[in-house]
Amino acid sequence: MSGFGFGLIMFICLVPTVWIMFLYMYPKKWKDHKLVLGVNNRPEFKADPAADEVEQIVQRSRKQAFCISLVCTAIAAVLLLLKGLALKTFIWTVFIFVAVCILPVPFIIGHREMMGLKRKLGIVSDKGINLVDLKTAGSVHALKAVRVIIPNAVGLAVVVLAVLADLKVITFKDIHTGGFTATIVMGTYWLTGLIITFGAYIMDNMKNTVISADSDINANYNRAKKKNLADMVVGFLWLNSIYLIIIYIMFVVGQSDMFVMISIGAYVAVIMAEMVIFVRSNIKIDERYQKEISLISDDDEYWLGGMLYYNPTDRRLMVEKHAGIGSTINMAHPGGKIVGIFLILSLVATLLSIVWLGMLESTPVRLQLDDGKLVCHQLRDEYVIPFDDIADIEYGEDMTKLRMSRTAGVGMDTLLKGDFYVEGKNGCKVFLVPPQKAYIHITTKSGEDYYISGSTAEETREAYEKLK
Amino acid sequence: MIIRIDELSDVPIYQQIRNQIVMGISDGELKAGEQLPTVRALALEMGINTMTVSKAYQQLKMEGYIMTDRKFGARVRMEIEKQGSISDTNKTELKRIVSEARLSGVPKQELLRLVEEYYGKDSQD
């Protein structure tokens with residue numbers, strides 16, 4: 001994937017997410033919402049003189065968040081102009097990390113001010129109080145099994161097709177697969193759909209919110225929220241399955257980088273559009289039921305900064321978020337602690353992998369011909385081809401004409417390294433530097449194919465002359 | 001019917017569930033024959049162990065307020081046996097409440113008014 005394509009996809013993912021979060025976390029008409037900056041919206045807040053103070057806190061937080069969102073959008077647009085995949089990946093990752101840390105700051109400050117106001121008004125949170133509607137308990141669901149099984153089954157059928165093609169059980173004319181690349185790519189998309197399905201199932205079974213003493217109101221409110229979520233998930237699953245079909249067709253008929261980039265961009269754009277519809281519907285449901293709220297299950301004290309839930313008396317692992325969309329984890333739950341550690345480790349792993357990517361891009365490749373062997377070396381990777389093992393050798397002027405796809409290894413703008421599927425043969429060893437187009441194709445007596453190049457066309461040519 | 005569970009109360013949670021279901025039946029919020037949620041669903045909703053809910057249901061069943069069935073789950077009994085007397089435990093509890101009210105200076109009329117309110121003015125003596 002090109003550096004620009006990567007940047008564009010990151011832009012399409014990040015910018016709408018930032019604005020969706022802004023709209024959801026900082027609603028203008030705070031009186032119409034169940035929560036204000038992560039604090040339960042109590043009747044006392046809507047009465048004078050507290051209403052003016054709440055209005056000021058909300059508008060201040062909203063203004064700060066708007067400025068931050070605007071700056072994030074501008075930075076994201078500037079990052080589109082960056083060159084070099086490793087540098088771009090590094091800067092984008094750091095930027096996303098910083099944005100994730102900074103975006104909630106106005107919310108956390110506003111939440112603290114709201115909690116202060118709450119104390120000033122003499123409102124005491126019902127610590128440890130749990131409201132449950134006996135009539136809706138376990139009976140409000142919107143995610144029908146058949147609605148998620150069908151799109152997942154369609155996706156699975158395409159994955160099975162890819163596996164069969166990669167195993168050569170079935171063949172298509174001029175198919176561009178091999179080395180299980182298609183299986184891995186499509187399996188990943190399909191598994192993503194499966195994980196989303198699992199998450200949606202958990203959310204569909206989550207505790208129903210109690211907003212009224214009237215069970216019918218509680219049932220309708222929770223049903224509306226869960227149906228909105230179910231519709232969003234089913235929509236995503238169908239999109240995922242349709243996209244699986246499209247990428248499989250791309251594998252069959254051959255893919256151009258441009259088409260891959262456009263299709264991923266369109267896929268992400270549709271997901272974002274779907275998220276916007278989901279958020280707008282959720283806001284409308286909250287506004288519609290705001291006047292019906294007569295009971296408040298006040299657990300504000302258990303929300304750190306309105307974002308992190310820590311309640312040792314609650315045995316549930318997943319709870320509805322006070323900030324943003326969906327559910328979050330109870331950090332006091334043993335499972336929550338494990339997830340927390342996993343998230344920290346993932347973050348460290350991401351940062352380390354970016355450092356590794358930077359090293360890959362900045363470390364030059366070396367071709368050495370001595371002691372009767374050719375050695376291709378970069379970082380920890382080394383290919384050794386003894387001269388007497390070479391059966392055939394040819395020089396190519398333009399590696400971009402090679403039809404190749406990566407099976408395992410590195411596939412960057414500036415470096416191709418590892419096992420590749422090249423010109424209909426699987427398991428070829430590739431050690432190429434794409435900015436220079438020349439390459440050497442070596443076939444060994446044991447039948448292995450190597451595609452190698454030096455850092456420059458001259459170095460490649462020189463190595464070829466010596467090997468010949 | 002809304003159940004309010006106080007996680008920090010000295011009263012065990014199963015007892016709180018039991019008490020509130022009894023109050024719900026008495027108030028008419030839970031009708032005769034009405035289906036109760038399954039043990040698992042209620043435990044999930046409350047964020048507590050299924051054993052706790054199961055214990056509450058067992059006690060309610062033993063006391064004759066609900067009936068349980070493998071096929072239909074737990075339901076409020078159609079006919080609750082009317083013993084016509086207050087149990088010794090409840091008498092002791094009532095005595096404690098009256099004593100505390102007297103020590104707090106609550107007038108007797110106020111207590112009787114509350115009893116009438118909770119019992120139901122139109123109920124037959």
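Hi everyone, and thanks for coming. Please keep in mind that what we have here is a predicted model.

Let me start where the chains meet. On the A side, 23 residues are in contact with 19 residues of chain B. Of the A residues that touch chain B, the largest share, five residues, comes from β3(A).

Now, what does β3(A) pair with across the boundary? Its partner is β1(B): five bridges join the two strands, and they run antiparallel. If you want one pair to click on, take A:D133, whose bridge partner in β1(B) is B:I2.

The packing tells a related story. The largest nonpolar core has 30 residues, and A:V132, B:A43, B:V53 and B:Y57 are those with the most contacts inside it. The elements that give two or more residues to this core are β3 of chain A, residues 129-133, and, from chain B, β1 (2-6), α1 (13-27), α2 (39-46) and α3 (50-62). Which element gives the most? That would be α2(B), with five residues. For a closer look, select B:V53: leaving out residues up to four places away in sequence, B:V53 touches B:I17, B:V39, B:L42, B:A43 and B:I48. Another core, of 25 residues, lies apart from this one, and A:L374, A:L415, A:L416 and A:Y464 are among its members.

Staying with chain B, let's move to B:L36, in the loop between α1 and α2. Is B:L36 buried or exposed? The threshold for buried is 20 or more other C-beta atoms within 10 Å, and B:L36 has 23, so B:L36 is buried. Beyond its sequence neighbours up to four places away, B:L36 touches A:L134 from the other chain, along with B:I66, B:G73, B:A74 and B:R75. B:G73 is 37 residues from B:L36 in sequence, yet their C-alpha atoms are 7.5 Å apart in space.

Strands β2(B) and β3(B) form it, with three residues between them. Four bridges join β2, residues 66-69, to β3, residues 73-76, and the two run antiparallel. Within the pair, B:T68 stands opposite B:A74.

Over to chain A and a helix, α5, residues 105-120. Does its length agree or disagree with what 1.5 Å a residue should give? Its 16 residues should span 22 Å, and the end C-alpha atoms are 23 Å apart, which agrees. The buried residues in α5(A) are A:P106, A:F107, A:G110, A:H111, A:M114, A:M115 and A:K118. Seen down the helix axis, they fall within an arc of 165 degrees, so they line one face. The face turned away from that buried side carries A:G116, A:R119 and A:K120, which are exposed. Just after the helix, A:G122 takes a positive phi of about 80 degrees.

One last stop: A:G427, in strand β14 of chain A, residues 425-432. With 15 other C-beta atoms within 10 Å, A:G427 is partly exposed. A:E448 is 21 residues away along the chain, and the two C-alpha atoms are separated by 8.0 Å.

That's my tour. Happy to take questions!

Methods. Residues are numbered from 1 along each chain as its sequence is written. Chains are lettered from A and ligands numbered from 1 in the order in which they are written. This is a predicted model: local features need pLDDT of at least 70, side-chain atom pairs count only at pLDDT 80 or more; totals for chains, interfaces and linings use all residues. A nonpolar core is a set of buried Ala, Val, Leu, Ile, Met, Phe, Trp, Tyr and Cys residues joined through C-beta atoms within 7 Å. A residue is buried if 20 or more other C-beta atoms lie within 10 Å of its own, exposed if 12 or fewer, and partly exposed in between; C-beta atoms are placed from the backbone. Two residues are in contact if their C-beta atoms, placed from the backbone, lie within 7 Å. Two strands pair if DSSP finds at least two bridges between them. The expected span of a helix is 1.5 Å times one less than its number of residues. The arc is that of the directions from the helix axis to the C-beta atoms.
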